[in-house]
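Here are a few friendly notes to read alongside the model. Please keep the structure open while you go through them.

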Amino acid sequence: MTLTRRSTLAVLGAASALSGASARAAEVKARPPRLWYRQPAREWVEALPVGSGKLGAMVFGGVAAERLQLNEDTLWAGGPYDPANPEALAALPEIRRLIDAGEYERATALADAKFMGVPKRQMPYQTIGDLKLDFPGLGDVVGDYVRDLDIDGAMATTSFAAGGVRHRREVIASHPDGVIAVRLAASRKGAISLDLSFASPLKSRPVASVAGSTLVLAGTNEAAEGVEGKLRFECRVEVRAVGGKVSGRGTALSVRDADEVVLLIAAATSYRRYDDVSGDPTVLNKATLAKLANKPWGKLLADHQADHRALFRAVSVDFGRTSADLSPTDERIRQSPVTDDPSLAALYYQYGRYLLIASSRPGGQPANLQGIWNDQTRPPWESKYTININTEMNYWPAEPTGLASCVEPLIALVEDLASSGARTAKTMYGARGWVVHHNTDLWRASAPIDGPLWGVWPTGGAWLCKHVFDHYDYGRDRAYLARVYPLMKGSARFFLDTLVVDPKFGVLVTNPSLSPENDHGHGSSLAAGPTMDEAIIRDLFDNCLKAEAILGPDQAFVAELKAAREKLAPYRIGKDGQLQEWQEDWDADAKEPQHRHVSHLYGLFPSDQIAIDTTPKLAAAARTSLLKRGDMTTGWAIAWRLNLWARLGDGDHAHDVLRLLLGPDRTYPNMFDAHPPFQIDGNFGGTSGMTEMVMQSRNERIYLLPALPTAWPTGRITGLRARGAVSVDVRWAGGKLSEAVLTATADGRHTVVHAGSTLMLNFRKGESARLVVRGGALVRA
């Protein structure tokens, strides 16, 4: 296929200084953010994602043959199962004794034999397959080809000219209507002909059929790891043609000589919840499409974009623009290591928000390792929920960038895990409460998996509880806190029952556990009381105590929490000045000195137990650790380092790390994060890190421009959210704060910090304050 260069140029404009929601909307309308390309996608990581939260599609933008790779968020392998190992409880005391005795290899062998989940691996996320659109009669030579993804309008578009006819193809994934919708249009009547068919890699061999103007693919999911496939699924494509003829032949539909074609794609499975697969996907799909019987494309599009923009336009961002802004997205990524292109960072920022809106909406599943997009039946790491960093990183930008509703599927996941994890806690630890280890899946499996070097880590659920409390802390909805606090309390009860005294240090520790995926060099990764565990549990206990004070204290429980918290292991600084990763000073002994995980720095970010202004010695030790780890690593791990350097107040170092993240080694042509392979958490971590450079909400304070890099002398982010239910707009010029506007959505008192100046504000709900710098001091204008 031969493509001619698109000649249309965008007009570069100065960033608007307007404020408020209407001004942000005007800015977006004037220059909508988009990814664009001069050629179709050849590989999956070049295709463009659309998603409704429940349904996802990757759009390749082919001319004579288009491919829509489809996902439905509950199509996973297997069925309801409980992997808790009944042999674990009896083995637990001996595993602990061996660890206390320093016999780590023997402890690992015993854990592998008696303490792992059954089966040892969890279920993979799967794909429906491809909807194939073949266009007979289209030649190989086309002109004025462009494919793009408008992330403000949430629409993927392919346009080109062929044989004197302009073709335009639009794809959306509508959350309000529950469908993926495709519109095919041409500048000449009768110019659209296509053949529709399915192709699926599922070994369960789903069957395609035709019913009138509808194409259906129906089947079952696959078995995995000895767990039988229990799901039924269906994908239903309704064809609406203006003019021309629609006909079926075998397992395909054909459209000939139409003026316009709209495809409505509905998909569902029999999944109802992790222990119930009694749903009827056919009934669900027919009901979805029946509601749209009289709804034209224009209304579908308008409702979809209104729903998306209500979230997306909450935040506006501008880091400045250069001529690099005019190039196609893949060229910009390729040239980013040697080009000054600040608006590429802004595009990446908003793309992260777009991806979270598209992959995590109320009523659906949380964003997994690949969000919602996956073209394989056995994807890397099963594309599940890895909760020793990756799932949490997915949600780092949600609260501060105005996407609080996108957290709801994560809260629902925790609610499920509190139930399934209670069985694991009782069966494997003889404990109250609930526990989940380093991964879970659609079926809410909560036992240790993969192997003891990775899986014997009991604080995954406790880390998720931080997000449960953060959702309250940013919104201050007391009724919500009352509903979810039992989740936090149950997690805390598990640790009250299972923390043990370290015989060497006399502190309360987890045992057995590990510092995620990092071999300490003494025969295993298994250890007692790794730094990350103690920090996560400290956050859990502290947040429980805050909730108790708000909701009315359970005095006995509060006393138990306080007593245990005081005995948790403190942070330790090692012989090289580093923050120790373990109770022992083993950092220099670790097998991978530049390991991708920086788990012991959890206290610096995402927690705020360590900070440059509250615990400077610990912050300096964290900096030493970070320097020893290095910057170049996997995509998501670079994103974590970006957040950490921002918390250390080093904007230029943070920006250097950001450039690594945006470069072609760690960003695919479609801007997906490259581990490699693709993992979406790096995208979300990148958005979070840039937010942290401009605004931090920690330690009961709001910090303005705490890590602004010299590469962004002028810019703005508006619509950010801080703890305590307050929105924050920040604008700067010449590397200095121009103004900040804070608007409270609840009564509260806020401390604002900028460049060493501190200002106390008392707000009533709905009140705003404009802050400026005068005489070096932050004042209310």
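This is a predicted model: local features need pLDDT of at least 70, side-chain atom pairs count only at pLDDT 80 or more; totals for chains, interfaces and linings use all residues.

1. Residues are numbered from 1 along each chain as its sequence is written, and side-chain values use heavy atoms, leaving out hydrogens and water.

2. Start with strand E30, residues 748-754. Strands (E, at least two residues) and helices (H or I, at least four) are DSSP runs numbered from the N terminus. Five of the seven residues of E30 are buried, so the rest of the structure largely encloses this strand. Buried means under 20% relative accessible area, with a 1.4 Å probe and protein chains only.

3. Which strands pair with E30? Pairing requires at least two DSSP bridges between two strands. Strand E26 (residues 701-704) is parallel to E30, with two bridges, and Ile702 has Val752 of E30 as its bridge partner. Strand E31 (residues 757-763) runs antiparallel to E30, with seven bridges; there, Gly748 is partnered by Phe763.

4. Now look at the hairpin of E30 and E31, which has two residues between its strands. Ala755 takes a positive phi near 50 degrees in this hairpin.

5. Finally, find helices H12 (residues 478-498) and H14 (residues 555-566), whose axes come within 11 Å and cross at roughly 50 degrees. Axes are lines fitted to C-alpha atoms over the stretch in contact, with angles from 0 to 180 degrees between N-to-C directions. Contact means heavy atoms within 4.5 Å. Among the residues making the contact are Tyr485 of H12 and Phe557 of H14.

Notes: Buried means under 20% relative accessible area, exposed over 50%, partly exposed in between (1.4 Å probe, protein chains only).
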